[in-house]
Amino acid sequence: MVVHCVKTIARGTQLPNRPNIVAIARDSALLRSLAFALQAHGYKVAPFGSWTAAKESAAGALCVVVDGRLPAADRAACLEMIGRGVGVVLLADEDTLHTEHSGLQILHKPLSGPDVLAAVTALRKNP
């Protein structure tokens, strides 16, 4: 279940806040690309270079987009977020990584902006 926060505007009008996505990658160009692609579709993206820096923000996120090149412990910590109701999009380098879970989307590199958007959309439809 996805819960959207609302912000109260003048005269009681309420508009939904943009959903927050946490992106974690060591590659700053990848972070910029992810942010650009997702922000173009109305998402607010919080970019981080490590799990340590991102973990506090990840707890309240719609989902976490994590680069498969992060250390194994960081990837494992990100995947634990699924059990807390936060979806995960894993950007995998190798073709051998296959697993099924309703809160996990795996994208194999190279990828495009529409690939990432489709994965986030799938998570929102199937939390």
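Predicted model: local features only at pLDDT ≥ 70, side-chain atom pairs only at ≥ 80, totals over all residues.
Me: What covers the buried residues of H4?
Reply: The cover includes strand E3 (20-24), helix H1 (28-39), strand E5 (63-67), strand E6 (87-92) and strand E7 (104-108). Here, contact means heavy atoms within 4.5 Å, and buried means under 20% relative accessible area (exposed is over 50%, partly exposed is in between, using a 1.4 Å probe and protein chains only).

Me: OK, back to H4. Which of its residues are buried?
Reply: Val116, Leu117, Ala119, Val120 and Leu123 are the buried ones. They sit on the same side of H4 because they cover an arc of only 160° around the axis (taken from the directions from the helix axis to the C-beta atoms).

Me: And which exposed residues does the face turned away carry?
Reply: That face of H4 carries Pro114 and Lys125.

Me: How far apart are the end C-alpha atoms of H4?
Reply: They are 19 Å apart, which agrees with the 18 Å that the 13 residues of H4 (residues 113-125) should span at 1.5 Å a residue. The expected span is 1.5 Å times one less than the number of residues.

Me: Let's zoom out. How many helices and strands are there?
Reply: The protein has four helices and seven strands. These are DSSP runs numbered from the N terminus, with helices (H or I) of at least four residues and strands (E) of at least two. The pattern along the sequence is β-β-β-α-β-α-β-α-β-β-α.

Me: How do the strands line up in the open sheet?
Reply: Five strands form it in the order E4-E3-E5-E6-E7, with parallel pairing. Strand E4 (44-48) and E7 are the edge strands, each pairing on one side only. From one strand to the next, the twist averages 20°. Two strands pair if DSSP finds at least two bridges between them.

Me: Where does H4 lie?
Reply: H4 lies across E3, E5, E6 and E7, and runs at about 165° to E7. Axes are lines fitted to C-alpha atoms (for helices, over the stretch in contact), and angles run from 0 to 180 degrees between N-to-C directions.

Me: How many residues of E5 are buried?
Reply: Five of the five, so E5 is largely enclosed by the rest of the structure. Cys63, Val65 and Asp67 point one way, while Val64 and Val66 point the other way.

Me: What joins E5 to its partners?
Reply: Five bridges join E5 to E6, and four join E3 to E5. Across to E6, cysteine 63 stands opposite glycine 87, and aspartate 67 has leucine 91 as its bridge partner. Valine 22 stands opposite valine 64 in E5.

Me: Cysteines, then. How many disulfides does a search find?
Reply: The search of the whole structure finds zero; a disulfide would be a pair of cysteine sulfur atoms within 2.5 Å. Cysteine 63 counts as buried because its relative accessibility is 0%, and cysteine 78 is also buried at 0%.

Me: Last one: what do the buried residues of H1 pack against?
Reply: They pack against E3, E4, E5, E6 and H4. The buried residues in H1 are Leu30, Leu31, Leu34, Ala35, Ala37 and Leu38.

Conventions:
Residues numbered from 1 in each chain as written. Heavy atoms only, no water.
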